[in-house]
Amino acid sequence: MLTPKALSAGMFRWALFAGAIALSMLLPGEGFAAEPAPADNTVKGAVTAVDNLLITTPPPPPNVRIPVLGWGDGNGKSYSIPAWEILGFEALLNVYGRIVYPDLVDPQYSNGKKVYSVTLETIKDHILHGPWGFDGDDFQVNQLQHPYQGSVYHGFARSAGLGFWPSAAYTFLGSLAWEIAGETTNPSINDQVASGIGGSLLGEPLFRLSSLILEDGGYNIGFWRELGAAVVSPPTGFNRLAFGDRFKGVFPSHSPATFTRVRLGATLNEQTSGSGADNNFSRNEATLDYYLAYGLPGKDGYTYDRPFDYFDFQFTAVSKQERDRKPHDPRPSLRKEVRGRRQLSRGMGPLRGLRLHLAQVFRVSSTALSLGTTGQWWLSRAIALQGSASAGIGYGAGGTVHPTEERDYHYGGTGQGLLAARLILGDKAMLDMTAREYYISGLGSPQTDGSERIFRGNAAFIVSIYKRHGIGIQYVRSVRDASASSYNPGFDRPLEPGASPTTSSATPGSAPSSGGLPKSRLADPGCCGKRTEPWR
């Protein structure tokens, strides 16, 4: 797939940042699921008094979105156009590589051939002989840029009027075409998972959000909404511009209940400890966080008949300004999550999710199928409790952050779980807690004896100060524990004989402590790290 040089990391981050700004257009359409009907019994005076204190502003008007034109009807649906668009997009990527990097050779994976000098002979060789394996691209290329490349394929098909499952097939086949005919490097299993499957899991939420921006504009969609939709889902914008009225219809959302949050903040201090972390340093960070829950349960008339009629989308950008950092590794961190689900019965269904967390010390990404549920309970007229739980299996990657082009992470079959709860106190305050855990095994990996266990938890409390604006504080803790008998998932090299690693942790206001680990644990920066982030 694409090499790190083929797509500038800085330009890519700016594109994601612009997308987060474009998503702010969805703020006027946010809301909660409908309130419950008044109870038959008389509400106790104390509860009524509390509710009156928590709700002092009138509720927003109902958010009813009117379908714009027809979507996927008659001439508004095409099977041939997205196929040609995907092939044309891949041809442009190859031509770009030939022009910008004409002499690029990957000595390990391209068999001495120039990476972009694809011929009929190399295509035939990939089809007949492969060999399929695992490539050596770095974490950002394989776990962020490849899913985004796949989301472009998915967006071409969706914006041409096709449903989710046909578009997912286009995405998978488009990724397969690139593996065989896009480069001379050996076809990659991990790239096919990240682009061919993860691309649809990322592309569908982007398409839905882009359509929501357009749908909120009504029948007279203005320039800025068209631009915002194109930034969030470039294939959607391209088809609307290139084919005029043919693809001007907007995907009918069925007017889902949504919850939207935008946060700007700063980390006051941060501590990391353990092998692989710069011990006991503090730094300041500026943060931008966007979160949207699409299709909250409880709204009358809203059904879960289509994939991704419910999903969560989160994007967090963090700037790094650390004094103790090595000068040759100035990259910022980026954390993003997408979860999608098709609901099969009341509140429960399979979750197909693409999750990605990039932090300064370590990072994790997974493409998985989970079973879970999301619900909302009204404790009183003003107090609502929302919760989600899921568990599943998939294919993931995790490892440490290193400035290297060699693969600096570990692949394998992944088990994962999620618990989340949000307590909404009228229009006055909100308590939000989330815990995620991943176990990346050696199953389906060239490093069969390696494993990673990663936990990430956060708790936030926000108080309203003026209308939809508030101030809050959040505590984040991330822990990674990796082990292997012969390989380091951070560097892919054997352990040094006789090494005895240790791990440590630190929380704000306390001194770090340390203790021994079993001898099978890694002895270098790939082993363990614990990260705490009190912020905002």
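Is Asp103 buried or exposed? In this predicted model, Asp103 is exposed, with a relative accessible area of 56%, and this residue forms one of the salt bridges described below, with Lys114 as its partner.

- A search of the whole structure finds 14 salt bridges, and in the one between Asp103 and Lys114 the closest N and O atoms are 3.4 Å apart.
- The side chains of Lys114 and Asp103 also make a polar contact (3.4 Å), while their C-alpha atoms are 6.0 Å apart in space for a separation of 11 residues in sequence.
- Once neighbours within four places in sequence are left aside, the residues in contact with Lys114 are Pro102, Asp103, Leu104, Val105 and Thr184.

- Arg208 forms a salt bridge with Glu204, the closest N and O atoms being 3.1 Å apart, and both residues lie in helix H7 (residues 189-215), where they are 4 residues apart, about one turn of the helix.
- An α-helix has 3.6 residues a turn, so residues three or four places apart point the same way.
- Both partners of this pair are buried, Arg208 at 1% relative accessibility and Glu204 with a relative accessible area of 0%.
- Asp432 forms a salt bridge with Arg422, with 3.5 Å between the closest N and O atoms; the pair links distant parts of the chain, since Asp432 is in strand S10 (residues 429-440) and Arg422 is in strand S9 (residues 410-425), 10 residues apart.
- Asp432 is buried, with a relative accessible area of 8%, and Arg422 likewise counts as buried at 8% relative accessibility.
- Salt bridges that share partners join Arg158, Glu204, Arg208, Arg306 and Asp309 into one network.

**Helix H5**

- Helix H5 (residues 139-159) has 21 residues, which at 1.5 Å a residue should span 30 Å, and the distance of 29 Å between its end C-alpha atoms agrees with that expectation.
- Within H5, a kink of about 30° lies at Gln145, shortly before the proline Pro147.
- Of the 21 residues of H5, 20 are buried, so the helix is largely enclosed by the rest of the structure.
- Just after H5, Gly161 takes a positive phi of about 90°.

Notes:
Residues are numbered from 1 along each chain as its sequence is written. This is a predicted model: local features need pLDDT of at least 70, side-chain atom pairs count only at pLDDT 80 or more; totals for chains, interfaces and linings use all residues. Side-chain values use heavy atoms; hydrogens and water are left out. Helices (H or I, at least four residues) and strands (E, at least two) are DSSP runs, numbered from the N terminus. The expected span of a helix is 1.5 Å times one less than its number of residues. The bend at a residue is the angle between axes fitted to the seven residues ending there and the seven starting there. Buried means under 20% relative accessible area, exposed over 50%, partly exposed in between (1.4 Å probe, protein chains only). Contact means heavy atoms within 4.5 Å. A polar contact is a pair of N or O atoms within 3.5 Å; within protein, one must be able to donate a hydrogen and the other to accept it, and residues adjacent in sequence count only if both atoms are side-chain atoms. A salt bridge is a side-chain nitrogen of Lys or Arg within 4 Å of a carboxyl oxygen of Asp or Glu.
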